[in-house]
Amino acid sequence: MTDRDAQAENIRLIRESAAAIAPRRGDFARIRALRFTHLGFDRAVWHEICAMGWVGLLLPEAHGGSAFGVAEYCALAEEFGAALAPEPLIPAVFAASFLRGDMLADHLTGKRLVLPAWQEKPGELPASHLTRIASGEVSGRKIFVPMANGADAFLVAAEGGLGLVDADGEGVSVVTAPTQDGGHFGTITFEDSPAEALPGDIAPALDVAALATAAYLLGLMDRVFAATLDYLRTREQFGRKIGSFQALQHRTADLKILLELTRASIASAAESLDASDDARTRAAAVSRAKARASDAALRMTREAIQIHGGIAYTDEFDIGLFLRKAMVVANQFGTSAWHRARYAAIAPESEE
Amino acid sequence: MSHPMSQPVSHPVPAEDLNALDDDAFRQIVRRFVAENYPPEIRNPPKRLHWRDNKVWYLKLAEKGWLAPGWPREYGGMGLSAAKQLIMIEEFERFGCARTNDHGVVMVGPLLIRNGSEEQKRVFLPKILSGEHIWCQGYSEPNAGSDLASLRTEAVLEGDHWVINGQKTWTTLATDANWIFLLARTDRAAKKQEGISFLLVPMDAPGVTVRPIINLELHDEFCETFFDNVRVPKENLVGEVNRGWTMAKALLGFERIFLGSPRQSAYALIRLKRLAEHVGCAEDAVFVDRYTRLRLDLADHRALYETHVVKLRRGEGLGADVSMLKIHQSELCQRITDVMLDIAGEDGGLLEPIEGNRDLHPAGLFIQARPTSIYGGTNEIQRNILAKNVLDLPG
C-alpha cells in the first residue's frame, strides 16, 4: 500500500465514521434545536466527537493523537460542513496543537474545552497583537471567538507568546453576540488575567484552520447542491419538472463547475500542506483554497435560494440554514479578499 | 480495392515501445527531442499554420515514428498509453509547437483502425504517416452546427458508386487537404442519427469545390466545401451503411481533455501581465485585484484539470464531466482577454501588435479567444451535457 492509498483508506474510514455524528442525510432537527441557545452546540455530541479521537487527529501518536495528515482532516471538516454541525471542531483542533500533558489530555477527552482567542481585527489572520502577556498575566481584547460560551479556557495569542487562561479566571469577561447560524461570537476582555505561558507559533495552525474551514464550506456546498438537484428533479411548474428548463440547467451546470473547482482547490492545498515545509508554499495554497471556498459557498447558497424560489425564503425550509451558515463561516480565518491579497503578495508567478 | 488483406500491415519502421519508461524519463526524452528538432521560427505561431509552414515538423515526427502516439504499433503508431500521450502533448504545448494538419492522425486513422476494412487500412494509414495524404473534416454544415445530426449532405448509391451532393462548412485547412472524410445522409427515412454514413472522398474528385472563409482573425483556415454530383467508389464507405454517426461519436476519446488544458489561459495571463507593465497599471490596486482573481481561477483550473489527468493515468476513461474543463478554460481565457482590452485603451483596437511587439497584442488574443467557446461543441451544448449526463436533470 502506498502512502497515498493509505491516506485514501483513512479518508474513507473517517467519512464513514463521521456519518454517525455528522450525517449527510436526514433532517436538521438537531441543528434547529441548538440554534440560538446559550451554548449553541451539544455537549453530549462534543463528548462523542472527542471519543472518536477527532480533536487530536493531527497530533503525533505520542501525544495521544492519530498522526493523520491535513487531507484526512479536511475530509472530516467536509463531513461536518455537510451536516451543518455547530460543534467547534476546527477551533478545538487548533488549540490541541499547543497543549501538552494533562491540559491536552483533558482537552482531547472533552473534559475541558480550550478555544483559541487569537483574533483582534476582523477578516484577517494576525501579523501582530495588541494583547500582551508578561509575568504570567494577559491583558487585551479578543474578538469573534465562536461558541465562546462553551469554553473552559482560552488559548490567547499575544505579543510575548501564547497563554492559557481559565474562562472564569480573574479579569476575564465574555460578551457574546448571536450569529446568523444560531451560534455566537464572543468578545473576550482580559485584564491582568492569570495565564499559563505556552510555547508555539500560531501562524501555521491558522493556515491549517483556514483550510479546514474551506473544507467545511465545501461540505456545506456539496449538500446544498444535492438538495437543489433533488428539487430540480421533482418540483413541477407549467406541467414540467423545473430541472428540464434550460435556463436552470445552465445555472446548475455552472454551480457544478464551481463545486468541482472548489473541491480540486482544497484537495491540492491539502496535498501541499502534507508535502511541503515551505511556509510560503503552504500559505499560498491555503489562501487560494480559502478564497475560492468562501466566495463559492456564498454563491452556491445564494443560487440555491433563487432556484428553490419563495419556499427558500421561509425559515422552516432547510435551504436557509445553509445560507446562514455560509454567511458566518465564509469570513472566518480570513475573508476571501484578505486571502487574495496574501496570495498576490506571496505566490510566485510562474512563467511555465 | 478488391483484394482485402487478412493481416494488418506494418509500418516500415516500427517505433520503439516507450511505455516501459517511467513518466519523468519519458517526459525528458520528449522534451529533448522537441528542443533539438522543432523549427524555432514557428514557435508559438499567432495563427494556425498551413501545411506549407508546418510540414517540416510533421515530417520530423513521421521520421522519428512519433507522428501517431495513439495508434497501435502494428499500424506504425507509438501505441502509447493515454497518460504518456498526455505527457507528449503537454511537452509540445509547453514548447509552443504548432498544431499540424493532424486530422488524418487524430481522426481518420483511429476511425479506420477501429472500423475500416483491411484494404482501407492498408491503403490509407501509411499515406497518413508519410504525409502523402492530408485530410480535412466534413462534419458541420450551414444548417447543422450544434445540431450536427440534422446534416443534409446526401450520398446515394448508384451502381458501384456513391453520388454525393451538399455543402460542408468549417472544413479547417481544406485548401491544404487532398482527402476529406465526411458524414453524409444515406437514409432520409430513418431517425436523424440513424441515417448517416462515413465516407472518404479525394479532394480532386470532379464536383468538389473549396472556398476559403476569412475568419475574424482575417485568416483563411476555415473553408466551405461543396459537393456537386461527386462520385466515389462504394468501397470508400467506412464501416456499415447508416452507422457513421455512432462511429464518429465513439471517436471522441480522451482528446476531449485538451479543450480544457490550462495552457491557453496560462499563455494569455502572462501576456496580460506584460500588457499591464507596458500600460503602466501593473501595480495599480484595482488591476492587481482583477489579475489575482484570474491567477486564482487559473490555479484552481489547473488543480481540476489535474484530477482528470490522474484518472487517465490510473487507466480510467473520461466521463461526460470533462465538459467542465472546456467550459471553464474557454471562459477564463475570454475573461483574461476582456481585461486586456479594458486596460489597453485605444491600443486594444489595433490590427497589429503594439509597437510591433508580438507579446503585446491584446486585440489579437481577444479575437482568438472567441471561437474557444464555440468549437468542439459550444459551451451551451457542454452545459446541456453536464445537466443531462452528469447532473441527471430531466430532459
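Helices (H or I, at least four residues) and strands (E, at least two) were taken as DSSP runs and numbered from the N terminus. On this basis, chain A contains 11 helices and 10 strands. The structure is a predicted model, in which local features need pLDDT of at least 70, side-chain atom pairs count only at pLDDT 80 or more, and totals for chains, interfaces and linings use all residues. Residues are numbered from 1 along each chain as its sequence is written, and chains are lettered from A and ligands numbered from 1 in the order in which they are written.

The C-alpha trace of chain A spans about 75 × 50 × 40 Å along its principal axes. Of its 352 residues, 50% count as buried (20 or more other C-beta atoms within 10 Å of the residue's own; exposed, 12 or fewer; partly exposed, in between; C-beta atoms placed from the backbone).

Between the two chains, 23 residues of chain B are in contact with 24 residues of chain A, contact being defined by C-beta atoms, placed from the backbone, that lie within 7 Å. On the chain B side, the elements that give two or more residues are α8 (285-313), α9 (323-344) and α11 (379-390). The most is given by α8(B), with 10 residues.
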